[in-house]
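User: Hi! I'm new to reading protein models and would like to learn how to look at aromatic rings. Could you walk me through it?

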Amino acid sequence: MIHDDNPFSVPASDRDPVRRLRGRLAAPVTIVTAGFGEGRTGLTVSSLMIADGEPGRLLFLCGRNADLGDVIATSGGFVAHVLGIGDEWMADRFAGIRPSPGGLFADLDVTDGAYGPVISTVATRAECSLSALT
């Protein structure tokens, strides 16, 4: 039997934010940023997973040679920005394959959020706090 109710009738504000973020990761390329002020850093990350639960979790892989892991451990948080069509240049910049005179964040509209640098032109993002997996 086909039901008559609308599966999208729940207002966006009442929808589960973890589930909404995961739904936008069909083929994700993300930039993960961390740190504040002069200590800002970021990295292009494509190995990322969203896990349901209370709280929801965002997990990603970061190489040992990347500064990002150390900065996250020190600051206690990070921001995962989900890139879209037309953001390839930004992915290349944070992957270190496109030159960026002035640093990773040069010419970007960036503010220091509670968990790290927020790139305002990337609308889909998650601000995350670091937690130990138990």
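User: Which residue lies over the face of Phe105?

Analyst: Arg40 does, at 5.7 Å from the ring centre. Keep in mind that this is a predicted model. Phe105 itself is buried, with a relative accessible area of 13%, because buried means under 20%.

User: How many aromatic pairs does the structure hold, and what describes such a pair?

Analyst: A pair of aromatic rings is described by the distance of the centres and the angle of the planes. This structure holds two aromatic pairs. Take Phe60 and Phe78: their ring centres are 5.3 Å apart and their planes stand at 75°, so the pair is edge-to-face. This pair links distant parts of the chain, with Phe60 in strand β4 (residues 57-60) and Phe78 in strand β5 (residues 77-82), 18 residues apart. Phe78 counts as buried, at 5% relative accessibility.

User: And what is the angle between the planes of Phe94 and Phe105?

Analyst: Their planes are at 75° and their centres 5.4 Å apart, so this pair is edge-to-face. Here too distant parts of the chain are linked: Phe94 belongs to helix α3 (residues 88-95), while Phe105 sits in the loop between α3 and β6 (110-112), 11 residues apart. Phe94 counts as buried, at 3% relative accessibility.

Methods: Residues are numbered from 1 along each chain as its sequence is written. This is a predicted model: local features need pLDDT of at least 70, side-chain atom pairs count only at pLDDT 80 or more; totals for chains, interfaces and linings use all residues. Side-chain values use heavy atoms; hydrogens and water are left out. Rings of Phe, Tyr and Trp (its six-membered ring) pair if their centres lie within 6.5 Å; planes under 30 degrees apart count as stacked, over 60 as edge-to-face and the rest as tilted. Helices (H or I, at least four residues) and strands (E, at least two) are DSSP runs, numbered from the N terminus. Buried means under 20% relative accessible area, exposed over 50%, partly exposed in between (1.4 Å probe, protein chains only). A charge sits over a ring if NZ of Lys or CZ of Arg is within 6 Å of the ring centre and within 35 degrees of the ring normal.
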